[in-house]
Amino acid sequence: MSDATVIEQIRNVIAEHARLPGEAADLPAGASLYEAGMTSHASVSVMLALEDAFDVEFPDRMLTREVFESIDAIAAALSELAVGSSA
Amino acid sequence: MSAVSATDTDFLTTVRDIAERVAAPNADMVDREARFPVETVQALREARALSALVPVELGGDGVPFETVAAACFELGRRCGASAMVFAMHQIQVACIVRHVGGEPWLADYLRRVANEQRLIASVTSEVGTGGDMGRSIAALTEAGEGRLSFEKQAPTVSYGAHADDLLVTLRRGPEAEPGDQVLVLAQRDQTTLRQNGTWDPLGMRGTCSPGYLVSATLPAEQALSTPFPRIAAETMVPVSHILWSHLWLGIATDAFDRAREFVRAAAKRNPGEPPPAALRLSQLLSELGLLRAEVRAGLTDFLEMSAEPGRPRLSTMTAAVRFNSLKIAASEQAPRICQAALGVCGIVGFKNDTPFSVGRHLRDTMSASLMIANERIHQTNAGLLLIAKEV
């Protein structure tokens, strides 16, 4: 899976589960999802959906606000779990 | 700063003495009249207990957190309302001390807390948020010349009329989302409080916590730069649950002690024959033991997580679940113990003017499940449990 595909897939999960007031497609990859209106309740749905979409389990140490702060941050977390092609 | 120094023992001895000498004799009056425990707070000020958590280099006493928790327990045994005021204040101090960073104004403010023994109240709840502390409606707005202002409708502000300063949650700005919050320190002389309604509750009557319309204009530097969600996760939520549960344990312990005195008095009247209530007292002790164990375990976990550099574990959802369950367990167990103590003491426990009265204890601990409603905490935990693993 290429980095671009990973970002695309994360964006789809956000669009479906983050319940943002605005359009997820317009959101810069570095922008704060919380500032964009993702509640902590919605963030749990996003995490579950990401685990499902990428077939991973986030270990407890990764389950923090910061790790799910932005699309970029999520991509970094997934790459740490060996998803995508980043070395 | 050593963890067990002579100063810490002194601090605890002093607070215990204030609890027995000042809080205990006034507790019934404070409860009956729903008035602020002025004598106890004054005595705590004179003992410099309001700056216990302020580091020595900022003029405070650098008392370890576990000793402050023990002080909440000691005060709780003698006057629940005094203990709650003390605990609420320490929670606010902890939020500033642990997140002060390099902000000169805040460091200077902590020096003033130490010098002037300023009492800080909390304005986190807000009308219209459904009890969710993680969302705000009121926002900081520019007021010109580097000043900010706000107006917030708070359903309860504990000892608001008696506080020197208020620590307030607000949206960062008029355009910010409800969860994009900051913590702002508003001094009394910058603030207007307009009281809504009266204060005549079932318990914790001495905390004097009616609702207020709170408005203030203040310099921008009085907003903490650390985002509130981080302060909430690392400090406000766990510290609240730990200090509250210590004082609830204190109240429950006194209810148990009164029940034990009752059984002993009965046994003395009929020597050689164990009174029927003795059996219920034994059952009560095992219930108290469960509460004690959970309160201590919660404290130990928090100290461990706080000792790690950067405190990474405190920001995890697993930690949130852990301290939420401490709150739920302690707030449900404490009134259960008080009610069982009433069962042991019978009518003399039910009457408000006997050495075995436990009505105030029961009423005070019944507030526990409402302070951040357990139902809401269960909802949060229910969500977090879907994703947190090693809970």
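A salt bridge is a side-chain nitrogen of Lys or Arg within 4 Å of a carboxyl oxygen of Asp or Glu. Side chains of opposite charge can pair when their charged atoms come close. Between domain 1 of chain B and domain 3 of chain B, the count is four salt bridges.

This is a predicted model, in which local features need pLDDT of at least 70, side-chain atom pairs count only at pLDDT 80 or more, and totals for chains, interfaces and linings use all residues. Residues are numbered from 1 along each chain as its sequence is written, chains are lettered from A and ligands numbered from 1 in the order in which they are written, and side-chain values use heavy atoms, with hydrogens and water left out.

**Inside chain B**

Chain B is assigned domain 1 (6-118), domain 2 (121-222) and domain 3 (228-384). These bounds come from an automatic or database domain assignment. Taken over C-alpha atoms, the centres of domain 1 and domain 3 of chain B are 20 Å apart. Their contact (heavy atoms within 4.5 Å) takes 27 residues from domain 1 of chain B and 29 residues from domain 3 of chain B.

How much area do the two domains of chain B, domain 1 and domain 3, bury between them? About 2300 Å², with 67% of it on carbon and sulfur atoms. Buried area is the accessible area (1.4 Å probe) that two parts lose on being put together, summed over both. B:Phe65, B:Arg98 and B:His99 supply 28% of the area that domain 1 of chain B buries against domain 3 of chain B, more than any other three residues.

Nine residue pairs are in polar contact between domain 1 and domain 3 of chain B (both at pLDDT 80 or more). A polar contact is a pair of N or O atoms within 3.5 Å; within protein, one must be able to donate a hydrogen and the other to accept it, and residues adjacent in sequence count only if both atoms are side-chain atoms.

Helices H1 (6-33), H3 (65-78) and H4 (80-98) of chain B each supply at least two residues of the side of domain 1 of chain B that touches domain 3 of chain B. Helices are DSSP runs (H or I, at least four residues), numbered from the N terminus. The largest share of that side, 12 residues, comes from H4(B).

**Between the chains**

Here 19 residues of chain A are in contact with 17 residues of chain B. The two chains, A and B, bury about 1400 Å² between them, 62% of it on carbon and sulfur atoms. A:Val44, A:Asp60 and A:Leu63 supply 35% of the area that chain A buries against chain B, more than any other three residues. Across this interface of chain A and chain B, the rule finds one salt bridge. It also finds six residue pairs in polar contact (both at pLDDT 80 or more).

Over all chains, the count comes to 29 salt bridges. Among them are these:

| Side chains | Distance, N to O |
|---|---|
| A:Glu51 and B:Lys389 | 2.5 Å |
| B:Asp254 and B:Arg78 | 3.2 Å |
| B:Asp28 and B:Arg360 | 3.3 Å |
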